[in-house]
Amino acid sequence: MSSASPDHRSSAERNGHRNRGSWFFLLSVLGLYLGVHFINPGYSAACFDYFINALIRLLPAFGIMFLLLWLFNLFAAAPRIAGLLGRYAGFKGWLFAMGGGILSMGPMYLWYPLLRDLKSKGMRTSLLAAFLYSRAVKIPMLPFMLHYFGSVYTILFVVHVLLFSIASGLLMERISSASSENRVADNE
Amino acid sequence: MRKHHLIKADRFNVLPRRLLNSARQAGLGFISLLPIMLGTLLLTSLIIPILPQLFEGGLFGQHPVIDALTGAGIGSIAAGQPMISYLLGGELLDSGVDLIAVTALVVAWVTVGVIQLPMEALVFGSRFAFCRNLLSFLFSLAIAFMISGILHVFG
């Protein structure tokens, strides 16, 4: 997972920062529980029971998620993803943009530096938009979706997101080319 | 000859090392995600019991279009990992929220970023950022209705 991150800081620094944030989030939520417990002990106990039951239900999904993360770390490296999203990739470019979006981990803004570099080196607007849109599909998290929504819904979800990522790319390219044509016309 | 054997033995050593390194990285990634997942699940568990009151208050459970708009609106404002939207969406669905609203929320959660909009505008230009987010918001509604419609017809 960390190998797929585009951030330019050292991976130890990045992981340390991310870990601190995650633990701080968990501690904040526990603090919130503590606050609720003081106000309404019965409610917080009921919520905690709900949490334990949900956690037990989700244990198999956690196992599958770990397995998928392991496979990603084995086969998907950040430089490989970046190299394949070039300007002249054509049909392959679409595949790699969408695949890269699906494989990209972490918050969207972590990917902005890499995407800005690719854009400055001639990456098509359509591929950029497709990358950002296809991030809605997260393969390691699909076990959770399968668990909650079922296989038919999950397949429909993935297919729709991928189709709409193409539509988003094409429309965004049309919008940006129209705006640049307008700028040229204004200058003339 | 001996050198050839050494190279061959080296190749045999590389694969287990790569597998172990990947497992280690996956483990570290998993551990770094674990507090977020547990925290999200805890937070969701704290919200779920008050959902019926929210229904009574009129947040969800109205017209499908309003539900979808509410879901997409919440998803657009919320900034977080896709995993959180899957977990929250699943728990909302289990507690009776309509599939249209949940799908709109899940799709908008990742594709629309109102909080990140200024940053996106700085990096890619304001026109790109605004149009992309607006399109993504509309697409989240379209996807929600399409999936729900397909499931309604064929399910």
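Among contacts in chain A of this predicted model between residues at least 6 apart in sequence, 74% join residues at least 24 apart. For chain B, the corresponding share is 72%. Chain A has eight helices and zero strands, and chain B has seven helices and zero strands. The two chains touch each other, with 62 residues of chain B in contact with 64 residues of chain A.

**Confidence of the prediction**

- The model as a whole scores ipTM 0.70 and pTM 0.67.
- In chain A the average pLDDT is 77, and 69% of the residues score at least 70.
- Within chain A, the lowest mean pLDDT of any element, 56, belongs to helix α3 (residues 78-83), while the highest, 90, belongs to helix α6 (residues 125-134).
- Residues 1-9 of chain A have a pLDDT below 50, yet this stretch has 30 contacts in the model beyond near neighbours in sequence.
- Where pLDDT is low, the predicted coordinates should not be read in detail.
- Chain B has a mean pLDDT of 79, with 79% of its residues reaching 70 or more.
- Confidence in chain B is lowest in helix α2 (residues 51-57), at a mean of 59, and highest in α7(B), at 93.

**Overall build of the two chains**

- Read along the sequence, chain A follows the pattern α-α-α-α-α-α-α-α.
- Chain B, read in the same way, follows the pattern α-α-α-α-α-α-α.
- Chain A contains 188 residues, of which 45% count as buried.
- Chain B contains 155 residues, and buried residues make up 46% of them.

- Helix α6(A) is mostly covered, since 10 of its 10 residues are buried.
- The buried residues of α6(A) include A:L127, A:L128, A:F131 and A:L132, and also A:T125, A:S126 and A:S134.
- A:S165 is placed in helix α8 (residues 151-187) of chain A.
- With a relative accessibility of 0%, A:S165 counts as buried because this value is under 20%.
- Leaving aside residues up to four places away in sequence, A:S165 touches A:W94, A:M98, A:A130, A:Y133 and A:S134.
- Among these partners of A:S165, the residues A:A130, A:Y133 and A:S134 are buried residues of α6(A).

**The salt bridge**

- Over all chains, the structure holds one salt bridge.
- This salt bridge joins the side chains of A:R124 and A:E173, at 3.2 Å from N to O.
- A:R124 lies in the loop between α5 (112-120) and α6 of chain A, whereas A:E173 lies in helix α8 of chain A, so the pair ties together parts that are 49 residues apart in sequence.
- A:R124 counts as partly exposed because its relative accessibility, 29%, falls between 20% and 50%.
- A:E173 is likewise partly exposed, with a relative accessible area of 23%.

**The interface between chain B and chain A**

- Chain B and chain A bury about 6200 Å² between them, and 79% of this area is on carbon and sulfur atoms.
- Three residues, B:L42, B:L46 and B:Y86, supply 12% of the area that chain B buries against chain A, more than any other three residues.
- Between the two chains there are zero salt bridges.
- Seven residue pairs, with both residues at pLDDT 80 or more, are in polar contact between chain B and chain A.
- On the side of chain B that touches chain A, at least two residues each come from α1 (2-47), α4 (82-94), α5 (99-111), α6 (117-124) and α7 (126-154) of chain B.
- The largest share of that side, 23 residues, comes from α1(B).
- By class, the side of chain B that touches chain A has 40 nonpolar, 16 polar and six charged residues.

How values were computed: Residues numbered from 1 in each chain as written. Chains lettered and ligands numbered in written order. Heavy atoms only, no water. Contact = heavy atoms within 4.5 Å. Buried area = accessible area lost by both parts, 1.4 Å probe. Salt bridge = Lys/Arg side-chain N within 4 Å of Asp/Glu carboxyl O. Polar contact = N/O pair within 3.5 Å; in protein donor to acceptor, adjacent residues only side chain to side chain. Helix = DSSP H or I, 4+ residues; strand = E, 2+ residues; numbered from the N terminus. Nonpolar A, V, L, I, M, F, W, Y, C, P; charged D, E, K, R; others polar. Buried < 20%, exposed > 50% of the residue type's maximum accessible area, 1.4 Å probe, protein only. pLDDT = per-residue confidence, 0-100.
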